Amino acid sequence: MADVRTATYDLLRSHGLTTIFGNPGSNELPFLAGMPEDFRYVLGLHEGAVLAMADGHALAGGGSALVNLHAAAGTGNALGALTNSVYSHSPLVVTAGQQVRSTIGQEVMLANVEAASLPRPLVKWSAEPSCARDVPRTISQAIHIANLPAKGPVYVSVPYDDWDHEAPPEAGHLLRRSTTSAGSLSSEQLADLVQAVDSARNPVLVLGPDVDAQHANDHAVRLADKLKAPVWVAPSPSRCPFPTRHRSFRGVLPAAVQGVTDALDGHDLVLVAGAPVFRYHQYVPGEYLPDGARLIHLTSDPGEAARAPMGEALVCDIADALSRLADEAADAGRPALPPLPDFPSVGGSSDAVHPAELFATLRDIAPEDAVYVKESTATTGAFWSQMDLTRQGSYFFPAAGGLGFGLPAAVGAQLAHPERQVVGLIGDGSANYGITALWTAAHYRIPVIVVILKNGTYGALRWFAKVLDAGGTPGMDVPGIDFVRIAGGYGVEATSVRTAADFATAFKDALGAGRPTLIEVETELTEP
């Protein structure tokens, strides 16, 4: 009879979870010892980077990712990064080693006291198996819960003396299990939705990250074309759900109540799909909707539906709902929207590159199917004004706003997408939170291109200081960091540039190099 370790590896293999992102400690060694040859262990030097790499891999690859952390200390180090996974609906299966069962109550060294409580309330589900024989079933439950709507991270703590116990015979059933959701709109619900769309005088679509996550971008385009309706991306987007040069594209809604209301003024129907209603940030109060507007909310997350302050919510499969709605909606008699104007012209100083100029340069020289992982919060407006994103899965941003996601997530995304070039666009303030991921990129020769936008300050905080009238705040600046030397210390080729022309040369050299590259770009300070 197989032991618990073997049964668990068989279970993970049956779900395609053969890549383990981790930073091991003593509690994890009994599980990792003798790891099967078809499994791959990706080592990160800090648990925050480990979890963000796994998150990037899951987001880009479209499936689960397996994380292995060290007891309470490793779990605690990863919690900040975990907040992004929660709001991006990333189905991460996070495991952690636990001390020997008989010693946990004594709170011996490295005992994870009340282990299942530690990651709550962030994770979707958390458990420690009741006995060794229940380990495979508990991990199976975690995998299925992570992937059922709404997807999200889960956590399992396993005492390290469990792995050598004999697995129960019934563990074999776990390899053949499947759980799927059938959350489809009824014919009556679809008919009501079609009627609402067809009768609207001036409808508008607001699309969120789950449209992109469920590969529903093309359905959204078909619906926008039929309705001849403008399309906004929901506030604080972590993905891009609509082509940014389509004639319907209007940009990203501001992350404030009054800002959203002002942008949607004049529309009688607001159809929100795949986003919360809404993920506000800066506090600018106002009316939640323009006068006379009706809001209909399509979401796969019951929690999003329940906590929204306005609108009529339908909890459903986003791709299925948009596809059927695009099929059934009538062609609107409104005039077609005009094409978008040309990109705004940009230019930089002789000493630094304006972020908009940097993004315009990238638009011209990067591969059409490039994947951008962005964590430069002060350059958000410049990015959306200059980029031409057309393909599904081309953009990722920290869903909860916590720094440290971008650089390691770019590494994880490149692992998931060896056929596409991943470009990390990282602020110099953000980069320090996940800088250890450079070692992982170098060690495994992961050919990600990391672009550091260096302005010597926390640009978004400077803008917020103005918004909040918080002048004289300390800790805003991060001068004197040499990312070229830091990258070299981790084994990554790096260069520093001050002009768009030099950046273009460096970027072209990095393409196809077969190794990770870091480009430090001196950039002008801008506001989000």
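Modeller: Start with β4, which gives 3 residues to the lining of the largest cavity, the most of any element. This is a predicted model, in which local features need pLDDT of at least 70, side-chain atom pairs count only at pLDDT 80 or more, and totals for chains, interfaces and linings use all residues. Residues are numbered from 1 along each chain as its sequence is written, and side-chain values use heavy atoms, leaving out hydrogens and water.

A cavity is a set of points on a 1 Å grid, over the protein atoms alone, where a 1.4 Å probe fits but cannot get out; lining residues have an atom within 4 Å of a point.

Searching the whole structure turns up 3 cavities of 30 Å³ or more. Volume here is the space filled by probe spheres set on the grid points, which are joined across faces, edges and corners. The lining of this largest cavity has 13 residues, and the closest to its centre are Phe-31, Asn-68, Thr-95, Val-158 and Trp-163. The elements that give two or more residues to this lining are α1 (4–14), β3 (65–69) and β4 (92–98). By class, the lining has 7 nonpolar, 5 polar and 1 charged residues. Ala, Val, Leu, Ile, Met, Phe, Trp, Tyr, Cys and Pro count as nonpolar; Asp, Glu, Lys and Arg count as charged; the others, Gly among them, count as polar.

Glu-114 lies in the loop between β4 and β5. Its phi is positive, about 50 degrees, although Glu-114 is not a glycine. Glu-114 is also exposed, with a relative accessible area of 62%. Exposed means over 50%, buried under 20%, and partly exposed in between (1.4 Å probe, protein chains only).

Pro-121 has its place in the loop between β4 and β5 (125–127) too. The peptide bond from Arg-120 to Pro-121 is cis, with omega near 10 degrees. Why point these out? Most residues other than glycine have a negative phi, and most peptide bonds are trans.

Such features turn up elsewhere in the chain. The Pro-149 to Ala-150 peptide bond is cis, with omega near -15 degrees. Ala-150 sits in the loop between α5 and β6 (154–159). His-215 is not a glycine, yet its phi is positive, about 55 degrees. His-215 belongs to the loop between α7 and α8. It is exposed, with a relative accessible area of 54%. A glycine comes up as well: Gly-62 follows α3, and its phi is positive, near 80 degrees.

For contrast, look at some buried residues. In α3, 14 of the 15 residues are buried, so this helix is largely enclosed by the rest of the structure. Val-221 lies in helix α8. Val-221 is buried, with a relative accessible area of 17%. Its C-alpha atom is 9.9 Å from that of Phe-249, which is 28 residues away along the chain. Helix α6 shows both conditions. Its buried residues are Leu-190, Leu-193, Val-194, Ala-196 and Val-197. The face of α6 turned away from that buried side carries the exposed residues Ser-187, Glu-188 and Asp-192.

Conventions:
Helices (H or I, at least four residues) and strands (E, at least two) are DSSP runs, numbered from the N terminus. On a 1 Å grid over the protein atoms alone, a cavity is a set of points where a 1.4 Å probe fits but cannot get out, and a pocket is an open set with protein on both sides within 12 Å along at least five of seven lines; lining residues have an atom within 4 Å of a point.
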